[in-house]
Structure formats: C-alpha cells, structure tokens
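Q: Could we go through this model together? I would like to begin with the overall dimensions and then turn to helix packing.
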Amino acid sequence: MRVLLIGANGYLGRFVADRLLADPAVQLTALGRGDDADVRFDLASGSPGALTRFLDAVHPGVVVNCAGATRGGARELTRHNTVAVATVCEALRRSGCGARLVQIGCGAEYGPSQPGSSTAEDAVPRPGGPYGVSKLAATELVLGSGLDAVVLRVFSPAGPGTPAGSPLGRLAEAMRRAMQSGDGELKLGGLGVQRDFIDVRDIARAVHAASLSAAQGVINIGSGRAVRLRDAAAVLARVAGYGGALHELDGPPGPLRTSIGHPRTESDHAAPVAYPYPDGCGSWQQADVRTARDRLGWRPRINLEESLADIWMEAACRI
C-alpha cells in the first residue's frame, strides 16, 4: 500500500510516520515544507495542479494529512488549516489515483460542551475560536468533496513530543523550574479545566487503522474520559518526584494563566491575569469514542500517567 503522508515532521505526523513505517506492507512517501521531506511542497501556497501531477506520478492508495497550524491569527490559521485542505481535496479530485483521504481534525471543532457529557460525532459543532473554525471548515470541505475520506477528530494530544507551549507542556516546564530552583511550592492557575487527553501513539494507531478501513465521515479519537488539569498536575508531580506543595491560584474556573512557569512577582499575587484555555472549548470536553471502536476496531491503550511520564522525561532533559 502506497501512503502519502503530509506533515510528517509535525507533532502528530512524526508518530504517524513511525507507525506506518512499522507496517511492512506500507510504502511511505512524506510530503512537506521541510528539507527532510521526500517531496517539498507547501499546501498553503502551492497549486492544486502541481499537487495533482505529483499524485499521478506517485499514485498513492492513501493520503494522510497531518499538516496544519495550531497557533497564529485567523488569517494564518485559515491559510494552513482550510486553504491547504482545499488544495488537497481539489488535487485528489483531479488526480486519477483514486486515493483515500485520512484528514486529521480536532475536538476544538465541537467547541464548548455540557459538563458531564460525552460529545458524539452527531453533535452540532460550535467552535469557540479561530483555530476550531479553521479546522471545522476543513472538515466540511473534506465531507463535501465526494472523495473516499474520513476525518479523525482528535481531542487533546499528550505524550512524547508535547509542545512546551501547550498546557501540559507548560505544567511540566513549571515543575522543572521549581525543582531546579529548589522551590518548595508551585502556584498554578486555571487547573479546573477538564479535557480528554489521548496519547500521540494511540492517535497514530487510529490513523493506521483508518487508512486500512473503509470507514467514512467523522470519527472521534480520544480516551473517552475527561481529566481535570489539576489532577494531571498531581500525577505529573508524582512521576517527576516533586515533593513540594501545589497551590492553585484563586480566580474564575477554567482558564489557564499565562503566569504558569514564569517567575512570580508581587503583581502576580495581587491580580493574576487569566486567559482562556487555548482550544476555545470552555471548561469541559470529553469524547464519545464508540464509533472508533465499532468502525475502526480501535481503543486507546496508553494511560495518562504514561503520557505524562514521557512529557516529564523530555522537560527534565531541557537545559
């Protein structure tokens, strides 16, 4: 099976590449903007015609799109998350390869949900920020393309490679600094947010399963269990061996303060500034993952403690 992987050098793409390369039946070609890609191509600025010519030459059976942007303004997010996917869909329509498309979506497409609920694929998406809007627009393009396609709506990725600027990455960095300086207490804000964390290696397994399946439409990929960020911080402290006290700063529930991991000042104690959790999904998100089980034969295998241990291992090695 020839697979074209777009975004192989990204956070998720690296693990998807490893998973696909472990399958002896897969012939993998990586397309991306980096020098180490098999083929250099920028989806956000490249033409569908140029991509079509490449597809006709390589003739993949599956195209996996892990490319995209999680940060930036609305224009940049639209360019990398929506326009890029429009290019892929149009190129596949023009090509004679007949490839199946596996598109990586995200839980942020749903937006805020009712605390205690599990969000299923038939929920009406109401994204709460430009990132979710740009990814939802991409999903709609894929679903309306007429292609043999599936969109995996990935909830909150965790595990090795977690970006230092993400909420879990920032928690690990704050703990590393506290341990390095011998600080006996760590003050964190916004730990009331609850998210459905799923390990990147389980996400890669889901992509592999989706590549081999005939499933179409939208499929949620998550653990099926919301975890409070406060509880994740406690687990992280345990795996890190941090013996200090964790104190949550007062303030409205839900947001994660940007002061996390930065040196504290008197102004921080007097009036800490709160910012929304970056995915625009409010205080709660939990995936209903029954469709992934039923249509892909997929279940998560890696628990959050193992994911956090890997996040800590990488944070502890930073100088």
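Q: What radius of gyration does the protein chain have, and what would a compact globule with 319 residues have?
A: This is a predicted model. The protein chain has a radius of gyration of 20 Å, and a compact globule with 319 residues would be near 20 Å, so the two agree.

Q: And what box do the C-alpha atoms fill?
A: Taken along the principal axes, the box is roughly 65 × 40 × 35 Å.

Q: How much of the chain counts as buried?
A: Of the 319 residues, 53% count as buried. The protein chain exposes about 13900 Å², of which carbon and sulfur atoms supply 51%.

Q: Changing topic, how many helices and strands are there?
A: The protein chain has ten helices and 13 strands. Among contacts between residues at least 6 apart in sequence, 81% join residues at least 24 apart.

Q: Now the packing: at what angle do the axes of H3 and H4 cross?
A: The axes of H3 (residues 74–94) and H4 (residues 130–143) cross at roughly 10 degrees and come within 9 Å. Angles under 35 degrees count as roughly parallel, and H3 and H4 are therefore roughly parallel to each other.

Q: Which residues make that contact?
A: On H3 they include Leu77, Val85 and Cys89. On H4 they include Tyr131, Lys135 and Leu141.

Q: How do the residues of that contact divide into nonpolar, polar and charged?
A: The contact of H3 with H4 has eleven nonpolar residues, four polar and one charged.

Conventions
Residues are numbered from 1 along each chain as its sequence is written. This is a predicted model: local features need pLDDT of at least 70, side-chain atom pairs count only at pLDDT 80 or more; totals for chains, interfaces and linings use all residues. Side-chain values use heavy atoms; hydrogens and water are left out. Axes are lines fitted to C-alpha atoms, for helices over the stretch in contact, and angles run from 0 to 180 degrees between N-to-C directions. Helices (H or I, at least four residues) and strands (E, at least two) are DSSP runs, numbered from the N terminus. Angles under 35 degrees count as roughly parallel, over 145 as roughly antiparallel, 65 to 115 as roughly perpendicular and the rest as oblique. Contact means heavy atoms within 4.5 Å. Ala, Val, Leu, Ile, Met, Phe, Trp, Tyr, Cys and Pro count as nonpolar, Asp, Glu, Lys and Arg as charged, and the others, Gly among them, as polar. The radius of gyration is taken over C-alpha atoms; the globule rule is 2.2 Å times the number of residues to the power 0.38. Buried means under 20% relative accessible area, exposed over 50%, partly exposed in between (1.4 Å probe, protein chains only). Accessible areas come from the Shrake-Rupley method with a 1.4 Å probe; for residues, only the protein chains shown count as cover.
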